[in-house]
Amino acid sequence: MMHITRMSELYAPTLKEVPSEAAIASHRLLLRAGMMRKTNTGMYSFLPLGWRVIRKIEQIVREEMDASGAQEVRMPILQPAELWAESGRWDAYGPEMMRLDDRHGFSLCLGPTHEEVITDLVRNELRSYRQLPLNLYQIQVKYRDERRPRFGLMRSREFIMKDAYSFHSTYESLHETYEEMSRAYERICNRLGLDFRPVEADGGQIGGSLTCEFMALADAGEAGLVSCECGFAANAEVAECVIKPTEFPETELRKVHTPNVHTIAQLAEFLDCPESSTVKCMVGKDGEGNAVALFLPGDHEPPACPRAPSAAWACPKA
């Protein structure tokens with residue numbers, strides 16, 4: 001039975017003024033439209049309109065995950081420290097994990113992710129490879145003690161996440177599920193009307209040998225991506241650079257006098273060759289005090305190191 005809520009009955013307190021804390025458009029609109037209110041730094045209460053939007057998004061996610069063969073479960077937010085200690089991540093995860101002790105002195109955490117819990121769950125139940133493959137997912141609240149929560153829901157300490165975990169007897173089966181999840185994610189993003197790109201990414205604290213992010217293109221955000229017309233796309237933090245220097249016939253190496261040349265641009269002009277055919281050398285020390293030299297293509301920016309002297313080398317074209 002459908003229930004119709006009149007606007008006169010709807011709890012949607014709007015704001016005329018833009019809150020000073022809201023730095024980006026999405027944050028300002030969510031607050032002004034009466035969809036959510038700040039409870040504390042990085043934590044928000046969702047009002048009826050905002051919660052209705054979330055439920056509709058969750059429904060789209062559930063429909064596509066169920067259609068892919070995944071099954072929904074619900075795992076606890078509070079997780080015992082011994083599971084994380086068993087995996088070695090209790091100490092390795094870092095300060096983003098919110099930890100606490102209960103009245104009995106047992107250490108717990110507010111789950112930033114659920115790999116440990118789901119693994120403990122299935123290892124006590126699966127008895128045969130015939131029960132595989134198995135793909136379980138949940139839509140659950142996650143907690144991470146962000147150092148600088150900002151941009152409203154974009155970087156918060158409490159957030160809702162759909163996480164799925166699959167178990168397989170062969171790598172071929174794992175790959176099939178990975179591809180099916182990729183197709184499901186594309187359908188979800190399309191149904192949500194997002195302008196998105198699947199990109200190579202860093203696994204971060206969750207880990208893994210292959211990570212793909214579905215990044216929505218927007219004017220505001222903290223992550224950048226690089227892409228090519230060939231179809232390649234990657235998070236800017238992990239994108240690998242392909243060096244394509246100009247090729248010259250091999251000649252005998254010789255010293256070249258370069259008076260009044262102080263930059264790579266000046267060197268390239270002096271030798272009449274592109275900057276990509278020059279090499280920068282930066283000399284410094286590693287963490288153990290050993291002298292090291294870092295060579296970079298001339299058209300690349302070196303990492304910041306104010307104490308490291310630099311030199312420039314070039315192909316002997318002249």
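Phe 46 is partly exposed, with a relative accessible area of 32%; buried means under 20% relative accessible area, exposed over 50%, and partly exposed in between (1.4 Å probe, protein chains only). The residue belongs to strand E2 (residues 43-46). Helices (H or I, at least four residues) and strands (E, at least two) are DSSP runs numbered from the N terminus. The model is predicted: local features need pLDDT of at least 70, side-chain atom pairs count only at pLDDT 80 or more, and totals for chains, interfaces and linings use all residues. Residues are numbered from 1 along each chain as its sequence is written, and side-chain values use heavy atoms, with hydrogens and water left out.

**Surface patch**

- Together with Trp 51, Leu 153 and Ile 160, Phe 46 forms a nonpolar patch on the surface, with about 330 Å² of accessible area in total.
- Patches are made of residues with over 30% relative accessible area and no salt bridge; like charges are joined within 9 Å, and nonpolar side chains (Val, Leu, Ile, Met, Phe, Trp, Tyr) within 5 Å.
- Accessible areas come from the Shrake-Rupley method with a 1.4 Å probe, and for residues only the protein chains shown count as cover.

**Salt bridges**

- The structure has 16 salt bridges, each a side-chain nitrogen of Lys or Arg within 4 Å of a carboxyl oxygen of Asp or Glu.
- Glu 72 and Arg 62 pair in a salt bridge at 2.9 Å, N to O. This pair links Glu 72 in strand E3 (residues 71-72) to Arg 62 in helix H2 (residues 48-67), 10 residues apart.
- Glu 72 is partly exposed at 36% relative accessibility, and Arg 62 is partly exposed at 24%.
- Between Arg 191 and Glu 63, the closest N and O atoms of the salt bridge are 2.8 Å apart. Arg 191 is in helix H6 (residues 171-191) and Glu 63 in helix H2, 128 residues apart.
- Arg 191 is partly exposed at 42% relative accessibility, as is Glu 63 at 36%.
- Arg 187 and Glu 64 form a salt bridge with closest N and O atoms 2.6 Å apart. This pair also joins helix H6, which holds Arg 187, to helix H2, which holds Glu 64, across 123 residues.
- Arg 187 is partly exposed at 31% relative accessibility, whereas Glu 64 is buried at 9%.
- Salt bridges with shared partners join Glu 63, Glu 64, Glu 180, Arg 183, Arg 187 and Arg 191 into one network.

**Aromatic rings**

- There are 3 aromatic pairs. Rings of Phe, Tyr and Trp (its six-membered ring) pair if their centres lie within 6.5 Å; planes under 30 degrees apart count as stacked, over 60 as edge-to-face and the rest as tilted.
- Trp 84 and Tyr 93 have ring centres 5.6 Å apart and planes at 85°, so this pair is edge-to-face.
- Trp 84 is buried at 0% relative accessibility, and Tyr 93 is buried at 4%.
- The pair of Phe 196 and Phe 214 is tilted, at 6.0 Å centre to centre and 35° between the planes. Phe 196 lies in strand E9 (residues 196-200) and Phe 214 in strand E10 (residues 212-216), so the pair ties together parts 18 residues apart in sequence.
- Phe 196 is buried at 13% relative accessibility.
- Tyr 185, Phe 196 and Phe 214 are linked into a cluster by ring pairs.
- The charged end of Arg 99 sits over the ring of Trp 90, 4.7 Å from its centre; the rule asks for NZ of Lys or CZ of Arg within 6 Å of the ring centre and within 35 degrees of the ring normal.

**Helix H7**

- In helix H7 (residues 264-271), the buried residues are Ile 264, Leu 267, Ala 268 and Leu 271. Seen down the axis of H7, these residues fall within an arc of 95°, so they line one face of the helix; the arc is that of the directions from the helix axis to the C-beta atoms.

**Backbone in loops**

- Most residues other than glycine have a negative phi, and most peptide bonds are trans.
- The peptide bond from Leu 132 to Pro 133 is cis, with omega near 0°. Pro 133 lies in the loop between helix H5 (115-123) and strand E7 (134-143).
- Phe 151, not a glycine, has a positive phi of about 60°. Phe 151 is in the loop between E7 and strand E8 (158-167) and is partly exposed at 25% relative accessible area.
- Asn 260 has a positive phi near 60°. Asn 260 is found in the loop between strand E12 (233-235) and H7 and is exposed, with a relative accessible area of 69%.
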